[in-house]
Amino acid sequence: MLKVLDLFGPEAQKLDADFIAQEMDLSRATAYRYVKELCDAGLLWRLDGSYALGPRLIELDCMMRQNDPLILAGHEPMQALSEKTGLAVFISVYYDGRVINTHVEQPTKTINLAFGRGRPLPIFKGAQSKVLVSHQKGRRLKRIFEEHIESDTTYDFSWKDFLQVTKRIRQDGYCQTHDELNLGLTGIAAPINNVANDEVVASLAAAGNTRDFELLRSEVVVELVIEYARLISEKLNP
């Protein structure tokens, strides 16, 4: 039933039950039952015979901003990193084949970002996405390659190439990219670990104009991002 929510997006803000039934290969009765139950839960609401995302999602978003352990642990270090470098700083997470930014801290100057909070990133483009994908294990990594990369002509990876790239990112402990999400922007990301089980739960990234990185020296930014990612990991698991 929750897969119904995946049908919504910037180009599909309102959907009717017949469209939902067709897209999900459901009977009309099942589609109507799904949307009714989602409406009852506040996850959808009815509007002129169609359905839109509901107010419960706004409530949940507010709760996450105030209580999410990653945001609570990361807010002050991210703010400090952004102030120290003048770069935009992100926490990003991976779930169900998607990478999204869950929190962003920006300096006083505006950096034009194509992918802000909550908007899914390309699955293996951009430093934060590459760090998170590279730390997926075994079958999950293979599935990401088969479902998102192998058949996408914008990627130029064989399975062997993909394994080598992800292994290198894990060994380096960070990833740096240029022009992959925004032209003229550079990004550097490092993993945030759950110290209790050594699982990577998120990534910390700093992004800004490539010119700014040249002034700051990218190797210095790499050290800072790794340092602050470690600090967030420690705050996450005191």
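This is a predicted model: local features need pLDDT of at least 70, side-chain atom pairs count only at pLDDT 80 or more; totals for chains, interfaces and linings use all residues.
## Reading helix contacts, a cavity and a pocket

Mentor: The largest cavity has a volume of about 160 Å³.

Trainee: How many cavities of 30 Å³ or more does a search of the whole structure find?

Mentor: A cavity is a space where a probe fits but cannot get out. In this structure the search, taken over the whole model, finds one cavity of 30 Å³ or more.

Trainee: Which residues lie nearest the centre of the largest cavity?

Mentor: They are Q128, L181, N182, L185 and A207, out of 16 residues that line the cavity.

Trainee: What is the lining of the largest cavity like by class?

Mentor: Eight of its residues are nonpolar, six are polar and two are charged.

Trainee: How much space lies in the largest pocket?

Mentor: A pocket, unlike a cavity, is an open set of points. Here the largest pocket holds about 1100 Å³ of space. Its lining has 27 residues, and those nearest the centre are L53, Y95, R98, I100 and G118.

Trainee: Which element supplies the largest share of the pocket lining?

Mentor: Helix α3 does, with five residues. At least two lining residues come from each of α3 (55-67), β3 (88-95) and β4 (98-105). By class, the pocket lining divides into 14 nonpolar, four polar and nine charged residues.

Trainee: Now the helices. At what angle do α1 and α2 pack?

Mentor: Angles of 65 to 115 degrees count as roughly perpendicular. Helix α1 (residues 17-24) packs on helix α2 (residues 28-40) at about 115°, and their axes are 8 Å apart. The angle therefore makes α1 roughly perpendicular to α2. The crossing of these two helices is right-handed.

Trainee: Which residues make the contact of α1 with α2?

Mentor: From α1 they are A17, D18, I20 and A21, and from α2 they are R28, A31, Y32 and V35. Sorted by class, this contact has six nonpolar residues, no polar residues and two charged residues.

Trainee: How do the axes of α6 and α7 cross?

Mentor: Helix α6 (residues 138-149) and helix α7 (residues 159-172) have axes that come within 11 Å and cross at roughly 125°. That angle makes α6 oblique to α7. The crossing of α6 and α7 is right-handed.

Trainee: Which residues of α6 and α7 make that contact?

Mentor: L141, K142, F145 and I149 belong to α6, while W159, F162, L163, T166 and R170 belong to α7. The classes in the contact of α6 with α7 are six nonpolar, one polar and two charged.

Trainee: Where does α5 meet α7, and at what angle do their axes cross?

Mentor: The axes of α5 and α7 come within 9 Å and cross at roughly 100°. Helix α5 is therefore roughly perpendicular to α7. On the α5 side the residues are K130, V131, V133 and S134, and they meet F162, T166, I169 and R170 in α7. By class, the contact of α5 with α7 has four nonpolar, two polar and two charged residues.

How values were computed: Residues are numbered from 1 along each chain as its sequence is written. Side-chain values use heavy atoms; hydrogens and water are left out. Axes are lines fitted to C-alpha atoms, for helices over the stretch in contact, and angles run from 0 to 180 degrees between N-to-C directions. Helices (H or I, at least four residues) and strands (E, at least two) are DSSP runs, numbered from the N terminus. Angles under 35 degrees count as roughly parallel, over 145 as roughly antiparallel, 65 to 115 as roughly perpendicular and the rest as oblique. A crossing is left-handed if the near helix is turned anticlockwise from the far one by less than a right angle, and right-handed if clockwise. Contact means heavy atoms within 4.5 Å. Ala, Val, Leu, Ile, Met, Phe, Trp, Tyr, Cys and Pro count as nonpolar, Asp, Glu, Lys and Arg as charged, and the others, Gly among them, as polar. On a 1 Å grid over the protein atoms alone, a cavity is a set of points where a 1.4 Å probe fits but cannot get out, and a pocket is an open set with protein on both sides within 12 Å along at least five of seven lines; lining residues have an atom within 4 Å of a point. Grid points are joined across faces, edges and corners, and a volume is the space filled by probe spheres set on the points.
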